[in-house]
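Please open the model in your viewer and keep the selection panel at hand.

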Amino acid sequence: MTLSRRNFLTTAAASSAGIAMYPMMSARGREALMAQGVGQQPVNPMAQRRADRALSSAPGMIRIDSNENPNGPGARAFEAMRANFDIANRYPVTLEDDLTTEIARYLGVKPENIMLGCGSGEVLRSAVQAFTSPTRALVSPMPSFELAADYARFIGSPVKSPRVDAKLHLDLDAMADAAKGAGLVYLCNPNNPTATVHGKASIADYIEKVGKSSPQTIVLVDEAYHEYVEDPNYSTAIPLAIDNPRMFVARTFSKVFGMAGMRVGYAVGRPETIARMKGWMLGSNISQLSLAAAKVTVGDVARIAEEKKKNHDAKVFTAKAFTGMGYEVVPSDANFMMVDIKRDVKVFKAECIKRGVAVGRQFPPLNTHLRVSVGTMAEMQKAVEVFRTTLAG
Ligand SMILES: Cc1ncc(COP(=O)(O)O)c(C=O)c1O
């Protein structure tokens, strides 16, 4: 059988099965959603996002809607997958250990500080499951990456959602207040969808403050976009997580490493914190081929630098185009940016789709702020012309 590169990658991606959660929704979860005032029919955010992705994956579409890396997993990852294809019939064991060791070495921590996930999404879900309950809320700001909040509602845990501030930064004071008595705080840094970042000192202060005012609360710092940050005041929270059992960090291979379809992520924290989540994780949660690819990618610092530069150049080009058209761009420390287009994002998105460009969905309460992911320079040049035409219409 001949295996083209395209078919091979499609097969590899499909091997990491997703979990269809909606049919399993508990009565409690359904009630929780209804209680959010979302109408008579329970809203299924997973189905909505899937429908959005189906639209954006139409042939020829410029896909700048999901903060993916347009450059893909890279040659080393592809070679590693080919080299390990002959063990694709076996459940993973050794490669899980290898990847864990490799990540630990790269980060300067111990293997017992690492827990692998089927994307960092699985880590987020297990954290919600482990640390929240009907009496211990999740704090998840608004807007932020919604997986944790959606899952908390699904299992019947209350969600407290302080709004971002006027500059679209996470309001850490409001989040500290909300954390009192909560089970888990979801702190996305840089934050998706606003692309704003907090420096090392403010994250450390926040964790200390919550540690004093609500010692039982766990803080999850999601660093999915860590590698893209340019703010010199920023630094990873991993050193804090190695000392403090009340917090941990989530990372992913889906962004700078271009492996979103391969589903590899991980948590970094103290073994006792990780142990509380581990029971909620699926066994054999990452495919052999994804493990092999991630293993050779994790320490590839030259690739990270290259991806960062490409992202920076295409981002600056796009931001300048919006500014030139008179729209305010929120300073971005990620591979996406928010722009106030002064009109309803839903309508604008539908117009852009008709013209072959898929942009981010609407993120209430920021209904006029468009989230644009950074594609290749060639894609952004085309997309900017579509934005110009659509905004003029
Ligand atoms: C902030 C953040 N965290 C986590 C994820 C989940 O990523 P994955 O499950 O692919 O690792 C995403 C995906 O877009 C994200 O934006």
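Which residue of β6 does Val-185 stand opposite? Select Val-185 and look across to β6: the residue opposite is Val-219. The model is a predicted one, in which local features need pLDDT of at least 70 and side-chain atom pairs count only at pLDDT 80 or more, while totals for chains, interfaces and linings use all residues. Residues are numbered from 1 along each chain as its sequence is written.

**The whole protein**

The protein has 15 helices and 12 strands; helices (H or I, at least four residues) and strands (E, at least two) are DSSP runs, numbered from the N terminus. Of its 393 residues, 47% count as buried. A residue is buried if 20 or more other C-beta atoms lie within 10 Å of its own, exposed if 12 or fewer, and partly exposed in between, with C-beta atoms placed from the backbone. Among contacts between residues at least 6 apart in sequence, 74% join residues at least 24 apart; two residues are in contact if their C-beta atoms, placed from the backbone, lie within 7 Å.

**The sheet of seven strands**

Next, select the strands of the open sheet with the order β2-β8-β7-β6-β5-β3-β4, whose pairing is mixed. Its edge strands are β2 and β4 (159-160), each of which pairs on one side only. Two strands pair if DSSP finds at least two bridges between them.

Start with strand β5 (residues 184-188), which runs parallel to β6 and is joined to it by five bridges. Apart from residues up to four places away in sequence, Val-185 touches Val-139, Met-175, Ala-179, Val-210, Thr-217, Val-219 and Leu-220.

Move to strand β6. Because five of its five residues are buried, β6 is largely enclosed by the rest of the structure. Ile-218, Leu-220 and Asp-222 cover one side, and Val-219 and Val-221 the other.

Strand β6 (residues 218-222) also pairs with β7, in the parallel sense, over four bridges. Here Val-221 stands opposite Val-249. Strand β7 (residues 247-252) has six of six residues buried, so the rest of the structure largely encloses it. From β7, Met-247, Val-249 and Arg-251 point one way, whereas Phe-248, Ala-250 and Thr-252 point the other way.

Gly-117 stands opposite Gly-265 in β8. Select Ile-114, which lies in strand β2 (residues 114-117). Ile-114 counts as buried because it has 21 C-beta neighbours inside 10 Å. Leaving aside neighbours within four places in sequence, Ile-114 is in contact with Thr-100, Ile-103, Ala-104, Tyr-266 and Val-268. A distance drawn between the C-alpha atoms of Ile-114 and Val-249, 135 residues apart along the chain, comes to 9.8 Å.

**The ligand**

Select the ligand and the 13 residues that surround it; the closest are Gly-119, Ser-120, Gly-121, Thr-252 and Ser-254. A residue is near a molecule if its C-beta atom, placed from the backbone, lies within 6 Å of it. Helix α6 (residues 119-131) gives the most to this shell, with three residues.

**The nonpolar core**

In soluble globular proteins, nonpolar side chains tend to be buried together. The largest nonpolar core here has 104 residues, of which Leu-138, Leu-184, Val-185, Leu-220, Ala-267 and Ala-293 touch the most other members. Such a core is a set of buried Ala, Val, Leu, Ile, Met, Phe, Trp, Tyr and Cys residues joined through C-beta atoms within 7 Å. Domain 1 (44-67 + 302-392) and domain 2 (75-299) both give residues to this core, so it lies between them. The domain bounds come from an automatic or database domain assignment.

Then select helix α12 (residues 288-297), which is mostly covered, with 10 of its 10 residues buried. Among them are Leu-289, Ala-293 and Lys-295.

**The sheet of three strands**

Finally, select the open sheet with the order β9-β10-β12 and antiparallel pairing. The edge strands are β9 (328-329) and β12 (369-373), each pairing on one side only. Two bridges join β9 to strand β10 (residues 336-340), and Val-329 has Val-339 as its bridge partner in β10. Five bridges link β10 and β12 in the antiparallel sense, with Met-338 standing opposite Arg-371 in β12. Five of the five residues of β12 are buried, so the rest of the structure largely encloses this strand.
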